[in-house]
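Here are a few notes to go with the structure, written for someone opening it for the first time.

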Number of protein chains: 4
Amino acid sequence: MTLKQIIEGTDTRSGRLFDYFIQLLIVYSLITFSVSTLPDLSDATREFLFISQVVTVTIFTIEYLLRIFVADKKRGYVFSFYGVVDLLAILPFYMTLAVDLRAIRIIRLLRLFRLLKMARYSKAVERYRIAFKEIKEELIIFFSATCFLIYVSAVGIYYFENAVQPEQFTSIFHSLWWAVATLTTVGYGDVVPVTLGGKIFTFFILMVGLSIVAIPAGLLASALQDASRDIMEKSE
Amino acid sequence: MTLKQIIEGTDTRSGRLFDYFIQLLIVYSLITFSVSTLPDLSDATREFLFISQVVTVTIFTIEYLLRIFVADKKRGYVFSFYGVVDLLAILPFYMTLAVDLRAIRIIRLLRLFRLLKMARYSKAVERYRIAFKEIKEELIIFFSATCFLIYVSAVGIYYFENAVQPEQFTSIFHSLWWAVATLTTVGYGDVVPVTLGGKIFTFFILMVGLSIVAIPAGLLASALQDASRDIMEKSE
Amino acid sequence: MTLKQIIEGTDTRSGRLFDYFIQLLIVYSLITFSVSTLPDLSDATREFLFISQVVTVTIFTIEYLLRIFVADKKRGYVFSFYGVVDLLAILPFYMTLAVDLRAIRIIRLLRLFRLLKMARYSKAVERYRIAFKEIKEELIIFFSATCFLIYVSAVGIYYFENAVQPEQFTSIFHSLWWAVATLTTVGYGDVVPVTLGGKIFTFFILMVGLSIVAIPAGLLASALQDASRDIMEKSE
Amino acid sequence: MTLKQIIEGTDTRSGRLFDYFIQLLIVYSLITFSVSTLPDLSDATREFLFISQVVTVTIFTIEYLLRIFVADKKRGYVFSFYGVVDLLAILPFYMTLAVDLRAIRIIRLLRLFRLLKMARYSKAVERYRIAFKEIKEELIIFFSATCFLIYVSAVGIYYFENAVQPEQFTSIFHSLWWAVATLTTVGYGDVVPVTLGGKIFTFFILMVGLSIVAIPAGLLASALQDASRDIMEKSE
């Protein structure tokens with residue numbers, strides 16, 4: 001009974017300590033993961049990173065097994081969202097031991113699932129989840145409108161710029177990249193219209209685009225405030 | 001009677017299937033259109049794209065004729081918004097068969113009208129239409145204010161930068177491009193003020209500009225929420 | 001009495017025609033002004049532009065004199081906002097005839113005052129004026145906060161980047177330009193931090209800056225909506 | 001009693017004059033500080049700047065001592081927020097006299113604390129403080145979400161771009177800089193994805209990112225309006 005309280009609960013002091021320990025370990029494992037991508041690491045560092053990796057995965061494995069052991073409905077936990085996340089957080093490591101080294105690159109990316117383990121401890125996630133759910137329909141509408149706008153922009157700029165800059169605006173697909181960078185106002189400057197028609201077209205597409213691309217932030221801000229209010233009222 | 005239900009209605013299973021089929025075909029025809037702009041396509045691909053083109057236009061033509069056949073007021077459909085759109089979605093193809101090849105470029109652009117066919121099936125369009133209508137007057141005010149601001153920015157930066165960068169800020173018209181890229185915060189970086197006066201002017205114009213350019217997003221976001229509420233209340 | 005109605009009123013048909021004529025002339029004079037900045041103009045074009053200039057200024061002068069003639073309180077009109085604007089719209093031309101040609105450049109800029117003549121006919125201006133007035137205090141607070149933030153950013157980046165990029169971040173004054181371009185998210189890319197410290201500093205300053213720089217747009221959007229509502233209620 | 005009123009109060013004319021004098025001196029000292037970073041200053045200018053520095057610090061020191069002298073609870077003032085700020089505004093100067101010249105650079109940066117002295121006289125600060133406090137929790141949630149998103153973006157782009165641009169996207173740490181510049185839409189253009197995968201990834205991360213990064217501005221704008229209303233109601 002005590003073990004269950006420590007692992008699943010946050011009421012006891014040991015339970016909170018266990019939670020903090022796991023969170024710290026997630027952050028630590030992500031830092032070592034990031035460090036491991038640095039070039040020109042010494043052999044000593046590489047070895048240290050590998051040992052860190054083995055230790056953290058071992059602890060996460062023990063945690064996973066304990067959570068199964070402690071769960072009232074073992075099957076329920078294994079197939080629950082966090083059950084799958086906990087498994088995915090350790091699986092990539094065991095897979096890199098088993099399979100050919102060439103495929104490692106993409107498998108190592110799966111370590112990012114450890115970030116999702118973090119979600120269990122975050123109040124922010126719950127709030128975002130509620131906020132997103134509330135405005136799901138509007139976000140889908142916005143997303144399709146944005147895709148529509150980006151496609152139209154790409155076709156338009158392709159017709160204006162292709163003849164003059166065939167290397168930058170080779171096809172509609174190439175022009176899509178310009179459309180994304182421009183309508184989000186990122187504007188890297190690697191692809192820029194130079195024709196008069198292309199520049200006037202950019203002006204009009206931006207006038208329309210700015211109104212549409214910035215919408216979800218406004219929607220999400222007000223939904224997030226509503227979610228906060230709801231949560232505060234419940235906790236009272 | 002059954003044919004009418006299939007083509008115009010969404011109540012029957014066949015009606016929904018017909019709708020999905022047309023939507024899929026629109027997306028397919030836009031993808032092949034985009035692919036056809038890629039350079040260095042093999043002859044086999046070009047041929048495949050042309051056949052795709054013939055098939056989709058044939059189906060759209062049959063759809064158009066069926067819609068006329070099925071409509072209660074044939075004249076009304078032909079001159080309605082979607083009637084015109086349906087015609088424009090197939091016309092460019094027949095025109096490219098008839099007229100000289102040199103003019104093709106701009107006519108091919110008309111294929112974009114197929115995107116508008118999509119609007120018939122989209123709930124988003126209706127919502128945006130209501131939202132835009134509600135804040136039409138504010139958007140016009142905003143648009144004139146933005147044009148005013150862009151013109152003033154262009155004149156100002158022309159006087160500061162023309163002497164030092166005559167190739168970038170050749171005339172007020174050339175400076176307008178800088179004004180658009182800067183006030184929308186895209187900032188490509190292809191045209192940048194270098195004089196002290198030009199930089200200080202940019203600071204002040206941005207302080208005023210940021211407040212104005214971002215307004216329509218806020219207006220549209222709240223109008224879109226109102227529109228959603230209205231639609232939800234109606235459907236209850 | 002009729003002349004007064006034509007010039008000052010908008011009730012009669014002649015009055016509206018007079019207004020449209022003046023507005024058209026303003027736009028025309030601004031276009032010729034912009035064209036006159038183009039390089040490599042032919043002598044014929046230059047002559048045409050000068051004659052255009054003479055004609056428009058003559059008409060604006062007649063308009064100005066008529067407005068004085070027609071006004072109930074002549075002194076009141078001359079020293080009113082629009083009286084001064086009307087004078088400033090014609091004065092630069094007479095000054096360029098009188099004074100040395102070298103100073104022309106800055107005097108020609110004064111032609112922009114013709115844009116302000118336009119304000120008389122614009123409903124947008126009234127609405128923006130009300131909206132700005134309502135949130136004047138917040139905008140001042142925002143403006144001082146932005147200036148504060150830009151200064152702090154410039155000092156910070158100067159200390160991080162000066163040693164490595166002495167030509168880009170020569171002094172705090174030079175760094176201010178980077179701060180303006182970054183905090184407004186324009187990001188031209190002409191001045192970019194390269195040190196680790198400078199990059200981390202940029203991250204934190206942007207986290208704070210984004211929250212502050214985008215505020216006035218939100219304030220202005222809601223104030224503009226309030227102003228619209230007030231005006232609509234009045235007109236009912 | 002009079003001295004206390006002059007230094008701490010704003011009711012008397014002398015009190016207000018004292019406040020304006022100190023504010024002017026802060027601005028003056030920050031300008032001379034900025035000027036002192038300019039390269040190629042003449043010896044005369046350097047000397048003038050040093051004397052300015054001595055004079056302002058002397059006055060600030062007198063002000064600090066007077067504030068201690070005048071305070072009801074001397075200890076309370078010294079350890080209060082503004083007491084510490086007043087001390088930090090003069091300390092760097094005395095330290096540069098005492099310690100080795102090499103460390104000067106970072107100590108000079110501490111002069112920025114003089115800006116905080118300014119806060120005492122600003123109504124804006126109070127309002128921002130209230131607004132920030134009200135939405136503190138949301139801002140923390142937003143900040144962790146942004147950090148999360150930036151980290152995920154950096155990991156993603158590292159996997160797409162590292163092979164093609166090993167010098168730009170050397171490690172996850174190097175990719176973080178791209179993630180910051182992109183998600184804030186600054187888009188300097190010094191690091192740009194070139195692979196198809198990287199570009200598509202950028203599109204999706206921007207679609208999610210724009211909704212999240214722009215949230216705090218919306219929250220802060222409405223909190224600031226609430227704060228203004230509260231303050232106005234209190235002053236009535």
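A quick definition before the points: a salt bridge here is a side-chain nitrogen of Lys or Arg within 4 Å of a carboxyl oxygen of Asp or Glu. Please also keep in mind that this is a predicted model.

1. How many salt bridges link chain A and chain D? The count there is 0. Across the interface of chain A and chain B, the rule likewise finds 0 salt bridges.

2. Let's take chain A and chain B. Their contact draws on 42 residues from chain A and 37 residues from chain B. Together the two chains bury about 3500 Å², with 73% of that on carbon and sulfur atoms. On the chain A side, Ile141(A), Tyr159(A) and Met207(A) lose the most area to chain B, and these three together make up 18% of what that side buries.

3. Polar contacts do turn up here: the rule finds 5 residue pairs across the interface of chain A and chain B, both residues at pLDDT 80 or more. If you want to find the place by eye, look for α10 (136-161), α11 (172-183), α12 (196-213) and α13 (215-235) of chain A, the elements that give two or more residues to the side touching chain B. Of these, α10(A) gives the most, with 12 residues. Sorted by class, that side has 27 nonpolar, 12 polar and 3 charged residues.

4. Now turn to chain D. Here 36 residues of chain A are in contact with 42 residues of chain D. The buried area is about 3500 Å², and carbon and sulfur atoms give 73% of it. For polar contact, the count between chain A and chain D is 6 residue pairs, both at pLDDT 80 or more.

5. Which elements of chain A face chain D with two or more residues? They are α2 (13-35), α7 (104-109), α9 (123-134), α10, α11 and α13. The largest share, 7 residues, comes from α13(A). By class, the side of chain A that touches chain D has 23 nonpolar, 8 polar and 5 charged residues.

6. The copies use different surfaces to meet, as 10% of the contact residues of chain A recur in chain B.

Terms used:
Residues are numbered from 1 along each chain as its sequence is written. Chains are lettered from A and ligands numbered from 1 in the order in which they are written. This is a predicted model: local features need pLDDT of at least 70, side-chain atom pairs count only at pLDDT 80 or more; totals for chains, interfaces and linings use all residues. Side-chain values use heavy atoms; hydrogens and water are left out. Contact means heavy atoms within 4.5 Å. Buried area is the accessible area (1.4 Å probe) that two parts lose on being put together, summed over both. A polar contact is a pair of N or O atoms within 3.5 Å; within protein, one must be able to donate a hydrogen and the other to accept it, and residues adjacent in sequence count only if both atoms are side-chain atoms. Helices (H or I, at least four residues) and strands (E, at least two) are DSSP runs, numbered from the N terminus. Ala, Val, Leu, Ile, Met, Phe, Trp, Tyr, Cys and Pro count as nonpolar, Asp, Glu, Lys and Arg as charged, and the others, Gly among them, as polar.
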